[in-house]
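Hi everyone, thanks for making time for this. I'd like to walk you through a structure, one piece after another, so please have the picture open.

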Amino acid sequence: MNDALVLAFETAAGRAPGIEPVAAALTTFARRVVDAGRRVQALPACPASVMQRALEAFEAPSSRGVATAVWRLVFDSWGGAAPALRGGSRSRFLRFGGRGGQLDLEIVAEAAADVRLRGTVDGPVGPLVLEIAPKAGPRVRVPVRAGGAFAATLPGDSGPFTVAVRAGRRIVSRTGRIPPQGGR
Amino acid sequence: MSTDADLVRRCLDGDRLGWADLLARYGDLIYGLLHRAGLDKTSAADAFQEVSILLWKSLKKLRRAESLVPWIATTTKRIAWRMKQRSRSRADRDAAVARPEADAGGGPDDTVARLEEEQRVREALATLGERCRRLLAALYFQPGEGGYDEIAERLGIPRGSIGPTRQRCLEGLRRELLARGFPADGAADEPPADVSPAVGAASPPARDVPRRRRGSLPKGPS
């Protein structure tokens, strides 16, 4: 049996010509293991940093329940400008701030198409996820990358939306409603 | 060996180590699927985070699942596809809408049955020692790794110990695979008298085992 097992694997891996009779079941078993093992070996292992980030993103239930900070709007590039004075730019820059940090957000509304969002989150530490909740349509979650940068896209007809910064299941902070096309 | 249901229950009980164990078990599967889907390292890292979040949020729903592999495979492929779609121009996206699964890297390599097999091999190898893992990988899972002399030198083990180590490692691998339900084809039809106690009903009958002299195995130093 033991020799047969070795022979089956040697044959399956092409290390032996396979001229010796081995139980069909063992041969098939070895071949399947070798095939599966080769597929596994051909893939990269999950980097420790990626694993760690996923691990830290979640807190035990007992540590949840920290109060959420509501960040208020402190700057709006369209805030004082009449529509005619906004020029041809479709970009709108917003800054939200409050307890624990701030959120810089650029909104680019393309005519009859998507609304692109990008920006940075400063303040909250750890692996973060930005959750964008539009009035119409499903929520969009995007990870906050190293350095606090993020980018997301909403369908053009999503309407006003809110942005929440999450650390695992906990909402660290959130904004009020943001109209994508301007207005307060 | 904790079942997936055990791990999910521990997570739901707030056991952080349970979540760590779950990620350790499936991290490579998730990352491997993202790699197969063609995501670069940065996108794969982001997508991994998304899958983790969804997994965490779905734990309640999955607490009675026998295996998490089907859920992980479907979810990971969907997220990979969405992430690739995000990075494309709108025109490219429109063209891809009709074939999301294929575009996410789905193919014969990604059927749930094959992924289950891969996952069992991954888990079984993880239970073996480092020495066994490296040796079996060099001998069987990395084509073109060279002869026994090269392998012995690279792994830093005496050539003469490859044979016995290989045998011990293969037996351990087989035992762990069978314990995880890896199919031992045709074994159910074999007569019980020939069943080896070490591996249960999956052993082949003695009559089919080649009668070889010890040491006559192909090139295997003993």
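Let's begin with chain A, where buried residues make up 47% of the 184 residues. Please keep in mind that this is a predicted model. Chain A has three helices and nine strands.

Is A:Phe75 buried or partly exposed? Its relative accessible area is 46%, so A:Phe75 counts as partly exposed.

Now turn to helix H3 of chain A, residues 48-56. Its buried residues are A:Val50, A:Met51, A:Arg53, A:Ala54 and A:Leu55. Here is a handy rule: an α-helix has 3.6 residues a turn, so residues three or four places apart point the same way. What covers the buried residues of H3(A)? The cover includes strand S6 (140-144) of chain A, and also helix H2 (16-36) and helix H3 (41-57) of chain B.

The largest nonpolar core has 38 residues, and B:Trp19, B:Leu22, B:Phe48 and B:Leu68 have the most contacts inside it. H3 of chain A supplies at least two residues of this core, as does each of H1 (4-12), H2, H3, H4 (59-62) and H5 (69-86) of chain B. Which helix gives the most to this core? The answer is H2(B), with nine residues. If you zoom in on B:Leu68 and leave aside its neighbours within four places in sequence, you will find it in contact with B:Asp4, B:Val8, B:Leu22, B:Tyr26, B:Leu55 and B:Leu62. There is also a second, separate core of 37 residues, which includes A:Phe9, A:Ala23, B:Tyr140 and B:Tyr148.

Next, the cysteines. As a reminder, a disulfide is a covalent bond between the sulfur atoms of two cysteines. How many disulfides are there over all chains? The count comes to one. The disulfide is formed by B:Cys132 and B:Cys169, with their sulfur atoms 2.0 Å apart. The pair links distant parts of the chain, 37 residues apart: B:Cys132 is in helix H9 (residues 130-141) of chain B, while B:Cys169 is in helix H11 (residues 162-179) of chain B. The torsion about their S-S bond is about -80 degrees, so the disulfide is left-handed. Both B:Cys132 and B:Cys169 are buried. Two other cysteines deserve a glance: A:Cys46 counts as buried because its relative accessibility is 10%, and B:Cys11 counts as buried at 3%.

One last stop is B:Thr111, in the loop between helix H7 (100-103) and helix H8 (112-127) of chain B. With 36% relative accessibility, B:Thr111 counts as partly exposed. B:Thr111 and B:Ala73 are 38 residues apart along the chain, and their C-alpha atoms are separated by 8.6 Å.

How values were computed:
Residues numbered from 1 in each chain as written. Chains lettered and ligands numbered in written order. Predicted model: local features only at pLDDT ≥ 70, side-chain atom pairs only at ≥ 80, totals over all residues. Heavy atoms only, no water. Buried < 20%, exposed > 50% of the residue type's maximum accessible area, 1.4 Å probe, protein only. Helix = DSSP H or I, 4+ residues; strand = E, 2+ residues; numbered from the N terminus. Contact = heavy atoms within 4.5 Å. Disulfide = S-S within 2.5 Å. Core = buried A, V, L, I, M, F, W, Y, C linked by side-chain atoms within 4.5 Å.
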